[in-house]
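Colleague: Could we look closely at one part of this model, namely its aromatic side chains? Please describe how they are arranged.

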Amino acid sequence: PHREQDPAFLVFSVLYGMAFAFAGGYLAAALAGRKPRQHAAAVAFILALGAAVSFLAQPGAGSRWSQVTAFVLMAPSALAGGVVRGKRAG
């Protein structure tokens, strides 16, 4: 897991993760009833927290692309899912 990865794999993995993070935020907002964006923010927080803990628990050298992209791209995608659902519902 700490070796350098093929760029095509990286791009696919990041886009896949962003799509499912968006879907998770959208679903959380849809199931919420009230305050859909706050529920999507909770999903984003859980993603960001997991990425941060994983990043900090891995001292030393190694590939950290998955943690960084989860924090920088996937967590905001979950928020975006909530925003989109909030606009459709409201």
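Modeller: Rings of Phe, Tyr and Trp (its six-membered ring) are taken to pair if their centres lie within 6.5 Å; planes under 30 degrees apart count as stacked, over 60 as edge-to-face and the rest as tilted. By this rule there are 3 aromatic pairs. The model is a predicted one, in which local features need pLDDT of at least 70 and side-chain atom pairs count only at pLDDT 80 or more, while totals for chains, interfaces and linings use all residues. Residues are numbered from 1 along each chain as its sequence is written, and side-chain values use heavy atoms, with hydrogens and water left out.

Buried means under 20% relative accessible area, exposed over 50%, and partly exposed in between (1.4 Å probe, protein chains only).

Tyrosine 16 and phenylalanine 20 form a tilted pair, 4.8 Å centre to centre with 45° between the planes. Because they are 4 residues apart in helix 1, about one helical turn separates tyrosine 16 from phenylalanine 20. Tyrosine 16 is partly exposed at 47%, whereas phenylalanine 20 is exposed at 54%. Together with Phe12, Tyr16 and Phe20 make up one aromatic cluster.

Notes: Helices (H or I, at least four residues) and strands (E, at least two) are DSSP runs, numbered from the N terminus.
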